Amino acid sequence: MKRITTFAALFLLFPLSLLLQAQSTPNIHNVTLGESNVKTAEVSTEELRHILADKSATVFDVRPALEFSISHIPGAVNVAQKPGTSKALYISDAAEIGRVVGGDKSKPVVLYCNGPFCGKSKRVSEDLLAAGFTNVKRYQLGMPVWRALGGASQIELAGARYVSTGDQTAVWLDSRGPVDFAKGSLPGAKRIGIEISQGGKDNPAMQQAKNDGTLPIEDHNTRIVVFGDDPQAVLNIADALAKEAFHNVSFFGGKYSDIAAGTK
């Protein structure tokens, strides 16, 4: 009788699913959409976080410029629209992407747009392949899943101006100290301190901000914009809020004086 290999013996003892689980346990952070018949590979949310931290690829937000400025994944860049294309079938210009990567079509790029049902990143990826790019991937889960998994987004000055004039439900949170806040802030802004980001989820300061009306506790989909003078404090506060199930949190990376002047 033929000898049973080690792997075969293990297979007889344990179900294949358990063997696979021992190698890697899937979770919502490390999965992809997993579509079939696509020309470019996907990256998971966890992989995208590593890519952004390591700067191992250029991440492109392939949505229109205003949409990018209103809310984008921190570290992503945006380029102009492909000439001659429509709003309905928007597509970023592959030539502009080539310019950003210095003409090196072997450099890794990652594209994202508005989530599983958005076709923008697929259209751009196909254009890039046709133009000779060889290392193109997509974060097809996009902005909706990034936010859902606790990712804060960044707002640019043009986006802040758009929100200030068009979204009267938005909550503006000023992270500067009490003295500076008392001297003046954006119309209707509320002060929030760095302490809400300290002590873990539902820490006492976070609870107080929920209970006293600083945070929109009755509608977690309300747009929240955090700003101030300390970029790290602003980011820490935005991240903490995003992990408290507020689904539409953005931070402004510039100074208070910039956003104050730009939203008048």
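**Overview of the chain.** The secondary structure of the chain comes to 12 helices and 9 strands, where helices (H or I, at least four residues) and strands (E, at least two) are DSSP runs numbered from the N terminus. This is a predicted model, in which local features need pLDDT of at least 70 and side-chain atom pairs count only at pLDDT 80 or more, whereas totals for chains, interfaces and linings use all residues. Residues are numbered from 1 along each chain as its sequence is written, and side-chain values use heavy atoms, with hydrogens and water left out. The C-alpha trace spans about 85 × 50 × 30 Å along its principal axes. Of the 264 residues of the chain, 42% count as buried, a class that means under 20% relative accessible area, with exposed being over 50% and partly exposed in between (1.4 Å probe, protein chains only).

Side chains of opposite charge can pair when their charged atoms come close. The structure holds 10 salt bridges, each being a side-chain nitrogen of Lys or Arg within 4 Å of a carboxyl oxygen of Asp or Glu. One of them joins the side chains of D127 and K82, at 3.0 Å from N to O. Because D127 lies in helix α6 (residues 120-130) and K82 in the loop between α4 (65-70) and α5 (94-100), the pair ties together parts that are 45 residues apart in sequence. D127 is partly exposed, with a relative accessible area of 22%, and K82 also counts as partly exposed, at 31%.

**Close-up of the salt bridge between E96 and R99 in helix α5.** The closest N and O atoms of E96 and R99 are 3.0 Å apart in this salt bridge. The two residues are 3 residues apart in helix α5, and so they are separated by about one helical turn. E96 counts as partly exposed at 23% relative accessibility, while R99 is exposed, with a relative accessible area of 55%.

**Close-up of the network of K201, D202, K210 and E244.** Salt bridges link these four residues in a network. Within the view, K210 forms a salt bridge with D202, and their closest N and O atoms are 3.1 Å apart. K210 counts as buried, at 15% relative accessibility, whereas D202 is partly exposed, with a relative accessible area of 36%.

**Close-up of the negative surface patch around D229.** D180, D229, D230 and D258 gather on the surface in a patch of negative charge; such patches are made of residues with over 30% relative accessible area and no salt bridge, like charges being joined within 9 Å. The place of each Asp charge is taken as CG. D229 is placed in the loop between β8 (224-227) and α11 (231-242), and at 33% relative accessibility D229 counts as partly exposed.

A261 is found in helix α12 and counts as exposed, at 51% relative accessibility. The C-alpha atoms of A261 and R161 are separated by 9.7 Å, although the two residues are 100 residues apart along the chain. T263 has its place in the segment after α12 (256-262) and is buried, with a relative accessible area of 16%. A polar atom of the T263 side chain lies 2.6 Å from the backbone oxygen of I259.

How values were computed:
Patch = residues over 30% accessible without salt bridge, like charges linked within 9 Å, V, L, I, M, F, W, Y side chains within 5 Å. Areas by Shrake-Rupley, 256 points an atom, 1.4 Å probe, with all protein chains shown as cover. Lys, Arg positive; Asp, Glu negative; His and termini not counted. Polar contact = N/O pair within 3.5 Å; in protein donor to acceptor, adjacent residues only side chain to side chain.
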